[in-house]
Protein chains: 2
Amino acid sequence: MSDHTLDAAIALSPTGEHTSLGRTSPAYANMIGPFGGITAAQALNAVLQHPQLLGEPIALTVNFAAALADGEFEVTARPARTNRSTQHWIIEMRQGEGTVLTATAVTAVRRETWSPPDLPMPEVASAQDVPFPKGSGRVEWIKRYEMRFMEGGAPSNWDGSDLGHSRTRVWMRDNPPRALDFASLTSISDVFFPRIWLRRSRLVPIGTVSMTVYFHASAAELAAIGTGYLLGQAEAQGFHNGYLDQKAQLWSEAGKLVATAHQIMYYKE
Amino acid sequence: MSDHTLDAAIALSPTGEHTSLGRTSPAYANMIGPFGGITAAQALNAVLQHPQLLGEPIALTVNFAAALADGEFEVTARPARTNRSTQHWIIEMRQGEGTVLTATAVTAVRRETWSPPDLPMPEVASAQDVPFPKGSGRVEWIKRYEMRFMEGGAPSNWDGSDLGHSRTRVWMRDNPPRALDFASLTSISDVFFPRIWLRRSRLVPIGTVSMTVYFHASAAELAAIGTGYLLGQAEAQGFHNGYLDQKAQLWSEAGKLVATAHQIMYYKE
């Protein structure tokens, strides 16, 4: 383990066969409670460090049941079913008597198969040629990421005008850089700012309710990407009476699709 | 409740505060075990008929841990957290001592908000103008759906050629028709045949591992769609060492996006 801020943030201390203690990280603080991506990474980490783990993550769904209070939480990760090459996990995070997160994960031992490049990476400028905007972080966790926007950055005028679409394209990585792994990939899958802020040029109250990440790379493939950038693309599909969804894709600089992610988010007004 | 086959298939008998008994339906039999869509609808139904239910479904994730054996299963649906307007559910389905499905759901009381049409429905022929292919069902559950393919139907030549994409566009509804609700919408979100069969013109062994459905309509809006068709669009994003993902959108004939769905599927070879 490195001494990167992310590693400190996701560290868990085992307290029982399936339980561990963790702690929210001020370095990833959001407006209310921590950044959801780091909470998702903490939930996944309870699986990753479980002694009974089989294989590597294939799918993770986290449901944010309540904003975490600053401080300790308990996380339970239970292997509900272990097959020959797949394993199914139920995860729950609690503070005091209250459940603050529910989640499921699937891990698996992969085998080499036909694996074509299916979804080509958009043609964009290389990361080095896209400027890195300095010092605009409204909340602490933003400073933990380097984001170089090519399309759909935060509105410069919050004037309530309808952009008509909600697509973002951004080169991104941990700040300072850190070698990619499943935990950091999970967290960075949630960095896209709310699609409704982009679409409406308006800061309405929001909160992610559920997020799913599908992993399309092995631990070794992520390690090979190292501290390289990821191209993130995110876009809403539907906004309906208080809930919007977001689809996202993440590619390596070499054009390999490493993850697809989806989330549904609450919004007010 | 109607006497439609789907209603009989998803019927559950409560046996405790959070537990019910259900039974696999021969009408929805797949090659091994039942059609995953009907299993997902059964899992959701454990939430829908729970006396403590708050609101309507917003998000559902089901993980298929093992093929169900024909016969009875027990399903547990526990409200892990109930907030003012949202509720978080953990669901588990068992046969004997073994977990066959894990799931989470979020339900919520919606309020009217800004709700623009975000993702326009593709321009396609109307359902009545697209022929309904008769009697090609390889397995029983296929007969429970009317599917009128406009693009990406099952390959006519299973010759192993690479189609280069995996997109399907299909008008679909229950067969015989049944008024749309959350259970039937969940089930029909899984009818898209495996993207790898389409892409590779080849019947490789497959199985859905995890599926997520986001609902973009209320019970009243679904009821208003009634027995109308849904336009389903599905496409893979990545195929990598044994697992592929699929994104899908479902619109009403009037062009309203009613659900977005994603799944990750195991494949061999």
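A salt bridge is taken here as a side-chain nitrogen of Lys or Arg lying within 4 Å of a carboxyl oxygen of Asp or Glu. By this criterion the structure, which is a predicted model, holds 24 salt bridges over all chains. Side chains of opposite charge can pair when their charged atoms come close.

The size of an interface is often given as the accessible area lost when the parts come together. Between chain B and chain A, about 5,400 Å² is buried, with 54% of that area on carbon and sulfur atoms. Of the area that chain B buries against chain A, 14% is supplied by B:W114, B:Q237 and B:H240, more than by any other three residues.

Across the interface of chain B and chain A, 40 residue pairs are found in polar contact, both residues of each pair having pLDDT 80 or more.

Within chain A, A:R167 forms a salt bridge with A:E151, the closest N and O atoms being 3.1 Å apart. The pair links distant parts of the chain, since A:R167 is placed in the loop between β7 (145-151) and β8 (168-174) of chain A and A:E151 in strand β7 of chain A, 16 residues apart. Both residues fall in the partly exposed class, A:R167 having a relative accessible area of 25% and A:E151 a relative accessibility of 24%. In a further pair of chain A, the side chains of A:R178 and A:D181 meet in a salt bridge with an N to O distance of 2.8 Å. Here the two partners are assigned to separate classes: A:R178, at 10% relative accessibility, counts as buried, whereas A:D181, at 27%, counts as partly exposed.

In chain B, B:R167 forms a salt bridge with B:E151, with the closest N and O atoms 3.1 Å apart. B:R167 lies in the loop between β7 (145-151) and β8 (168-174) of chain B, and B:E151 lies in strand β7 of chain B, so the pair ties together parts that are 16 residues apart in sequence. B:R167 counts as partly exposed at 24% relative accessibility, and B:E151 is also partly exposed, with a relative accessible area of 23%. Beyond such pairs, salt bridges that share partners join A:E74, A:E92, A:R94 and B:R78 into one network.

Two further positions, one in each chain, were examined individually. B:Q42 is found in helix α2 of chain B, which spans residues 36-48, and is buried, with a relative accessible area of 1%. The side chain of B:Q42 reaches the backbone oxygen of B:A9 at 2.9 Å and the backbone oxygen of B:R23 at 3.4 Å. When residues up to four places away in sequence are not counted, B:Q42 touches B:A9, B:I10, B:L12, B:R23, B:F73 and B:M93. In chain A, A:P131 has its place in the loop between β6 (98-108) and β7, and is exposed, with a relative accessible area of 65%. The C-alpha atoms of A:P131 and A:W171 are separated by 10.0 Å, the two residues being 40 residues apart along the chain.

Note on methods. Residues are numbered from 1 along each chain as its sequence is written. Chains are lettered from A and ligands numbered from 1 in the order in which they are written. This is a predicted model: local features need pLDDT of at least 70, side-chain atom pairs count only at pLDDT 80 or more; totals for chains, interfaces and linings use all residues. Side-chain values use heavy atoms; hydrogens and water are left out. Helices (H or I, at least four residues) and strands (E, at least two) are DSSP runs, numbered from the N terminus. Buried means under 20% relative accessible area, exposed over 50%, partly exposed in between (1.4 Å probe, protein chains only). A polar contact is a pair of N or O atoms within 3.5 Å; within protein, one must be able to donate a hydrogen and the other to accept it, and residues adjacent in sequence count only if both atoms are side-chain atoms. Contact means heavy atoms within 4.5 Å. Buried area is the accessible area (1.4 Å probe) that two parts lose on being put together, summed over both.
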